Amino acid sequence: MNYVKNEVFKIDFIDESVEMHQDGARDYIGSARIPLKNLLTRGEISGDLEIRDEYGGITGKVNVRMTLHDA
């Protein structure tokens with residue numbers, strides 16, 4: 001439980017169509033971070049999250065839905 005309260009679930013987005021042999025080519029689009037604490041308190045997370053690059057710039061959005069099930 002302590003782990004979930006303090007950590008985030010990170011989704012990285014990579015563009016596999018980028019030709020990496022070209023100068024200045026970048027295949028990393030960015031990442032979305034989901035605070036797992038919200039999953040514990042609400043039981044689910046859904047909605048649009050920003051995708052941000054390594055400089056904090058917004059490069060897009062992703063729609064996510066996660067639910068917590070007690071197995």
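Which residues make up the largest nonpolar core? Select Ala-32, Ile-34, Leu-36, Leu-39, Ile-45, Ile-51, Val-62 and Val-64, and you have its eight residues. A nonpolar core here is a set of buried Ala, Val, Leu, Ile, Met, Phe, Trp, Tyr and Cys residues joined through side-chain atoms within 4.5 Å, where buried means under 20% relative accessible area, exposed over 50% and partly exposed in between (1.4 Å probe, protein chains only). Strand S2 (28–35), helix H2 (36–42), S3 and S4 each give two or more residues to this core. Helices (H or I, at least four residues) and strands (E, at least two) are DSSP runs, numbered from the N terminus.

A word on what you are viewing: this is a predicted model, in which local features need pLDDT of at least 70, side-chain atom pairs count only at pLDDT 80 or more, and totals for chains, interfaces and linings use all residues. Residues are numbered from 1 along each chain as its sequence is written, and side-chain values use heavy atoms, leaving out hydrogens and water.

Beyond residues up to four places away in sequence, Ile-45 touches Ile-34, Pro-35, Asn-38, Leu-39, Val-64, Arg-65 and Met-66 (contact means heavy atoms within 4.5 Å).

Next, select Asp-53, in the loop between strand S3 (44–52) and strand S4 (58–67). The Asp-53 side chain lies 2.8 Å from the backbone nitrogen of Gly-57, and one of its polar atoms is 3.0 Å from the backbone nitrogen of Tyr-55.

Finally, visit Ser-17, in the loop between strand S1 (8–14) and S2. Ser-17 is exposed, with a relative accessible area of 57%.

Note on methods:
Polar contact = N/O pair within 3.5 Å; in protein donor to acceptor, adjacent residues only side chain to side chain.
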